[in-house]
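Let's take a friendly walk through this structure together. Please have the sequence and the 3D view open as you read.

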Amino acid sequence: MKLRSSAGTLYKLGLRQGPMEQLKTAYLMLDGVCQFNCNYCTHAFTIGKFPFLSRILWPEIEDFPTFLEKLSQSDFERVCIQVVSYHEFEKDLLELVEKLKILKKAISVSVRTTELRFARQLFSLGIDRIGIAIDVVNRELFRKYRGGSLDRLKRFIEELATLYPGRVTTHLIVGLGESDRELFETMVWLRDISVETALFAFTPLRGTPLEKHPRPPLERYRKIQLARFLIYRGLEGFVEFEGDSIKAFRNLPGGFERAFLTSGCPNCTRPYYNENPFGPLYNVHSEEMLNSLEVKG
């Protein structure tokens, strides 16, 4: 088992020197040679930049007992395990969740699986939430960039959400060639089956086939964030379209700026996952930053 931690998590635990962010979630990664070859991922088997996931550095945890002790004494409220789909990762993940149970903290697992049996095993061990990423909402682009069947994956997510309502999260990437309407309709469907949506802005990463693909304009990403915010409050009727693009909003409720915060599981902050610390910030990872920055794009 090769276990890594985000650098920010290690900084907060005092196990590395570096800037401390206001993290409420500790981020771990089970690492290995991925069996898949997603065109936008640094862990694709044809690339294999192992210390990185997205643009984040993940140092290996060298002393797990000390790490676990520091984590138990911390004010982290959640532990999120990012799982690379290497050969026999299932065994390592179940073993890791068993070890983390003693922390009495909420556990999220982000894993690529369509096996109901395995998901049941994870929930039986006491995880709080499971993340099953969709990433690409357009069927043809899903097959091209990620591989496999989008419809099959959506059927699995719906089945899982029926069994574990309110305990499933998915990830959507904005900027891979999909339309605003496709994102909108996908988020409405996810809301209706009680699945939480975590939004990411596409980030071109060196060495990947999509390294020259442009990032989405910040203004477009803000519109998608606002659409998500309204959808999960039952206000999707406020979103106005021109063709397949979001044009405007009929009304915005008070506190709408919270739409720009990092989305996902409760207490997810995930700093600088798809942006440089110097900005612009696509996902704002703290309320303090939201209040002090001009984030509307």
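We can begin with two helices, H4 and H6, whose axes come within 11 Å and cross at roughly 35°. The crossing in which H4 passes H6 is right-handed. On the H4 side, the contact is made by Leu116, Ala119, Arg120 and Phe123, and on the H6 side by Phe156, Glu159, Leu160 and Leu163. Sorted by class, this contact has 6 nonpolar residues, no polar ones and 2 charged ones. Keep in mind as you look around that this is a predicted model.

Stay with helix H6 for a moment, which covers residues 150-163 and includes Leu153. Is Leu153 buried or exposed? With a relative accessibility of 6%, Leu153 counts as buried, because the cut-off for buried is under 20%. If you set aside residues up to four places away in sequence, Leu153 touches Thr114, Ile132, Ala133, Ile134, Phe142 and Arg146. For a sense of distance, pick out Gly243: it is 90 residues from Leu153 in sequence, and their C-alpha atoms are 27 Å apart in space.

Now return to H4 and look at another of its partners. Helix H3, residues 89-100, packs with H4, residues 116-124, at an angle of about 15°, and their axes are 10 Å apart. H3 and H4 are therefore roughly parallel to each other, and their crossing is right-handed. From H3, the residues making the contact are Phe89, Glu90, Leu93, Leu94 and Val97, while H4 brings Phe118, Gln121 and Leu122. These contact residues divide into 6 nonpolar, 1 polar and 1 charged.

From the helices, let's move to the sheet. Here 7 strands form an open sheet with mixed pairing, and their order is E1-E2-E5-E6-E7-E8-E9. Which strands stand at the edges? They are E1 (2-5) and E9 (195-201), and each has a single partner strand, so one side of each is left without a neighbour in the sheet. Ignoring direction, neighbouring strands of this sheet are turned by 25° against each other on average.

Look next at one pairing at the E9 end. Strand E8, residues 168-174, runs parallel to E9 and is joined to it by 7 bridges. Within this region, Leu172 stands opposite Leu199 in E9. Helix H7, residues 180-192, lies across E8 and E9 and runs at about 175° to E8.

Helix H7 also holds Asp180. Leaving aside neighbours within four places in sequence, Asp180 is in contact with Arg220, Ile224, Phe241, Asp244, Ser245 and Ile246.

One of those contacts, Ser245, leads us to our last stop, strand E11, which spans residues 245-249 and contains Phe249. At 18% relative accessibility, Phe249 counts as buried. What does Phe249 touch, apart from residues up to four places away in sequence? Its contacts are Lys223, Leu226, Ala227, Leu230, Phe238 and Val239. Gly237 lies 12 residues from Phe249 along the chain, and the C-alpha atoms of the two are separated by 8.8 Å.

Definitions and conventions: Residues are numbered from 1 along each chain as its sequence is written. This is a predicted model: local features need pLDDT of at least 70, side-chain atom pairs count only at pLDDT 80 or more; totals for chains, interfaces and linings use all residues. Side-chain values use heavy atoms; hydrogens and water are left out. Axes are lines fitted to C-alpha atoms, for helices over the stretch in contact, and angles run from 0 to 180 degrees between N-to-C directions. Helices (H or I, at least four residues) and strands (E, at least two) are DSSP runs, numbered from the N terminus. Angles under 35 degrees count as roughly parallel, over 145 as roughly antiparallel, 65 to 115 as roughly perpendicular and the rest as oblique. A crossing is left-handed if the near helix is turned anticlockwise from the far one by less than a right angle, and right-handed if clockwise. Contact means heavy atoms within 4.5 Å. Ala, Val, Leu, Ile, Met, Phe, Trp, Tyr, Cys and Pro count as nonpolar, Asp, Glu, Lys and Arg as charged, and the others, Gly among them, as polar. Two strands pair if DSSP finds at least two bridges between them. Buried means under 20% relative accessible area, exposed over 50%, partly exposed in between (1.4 Å probe, protein chains only).
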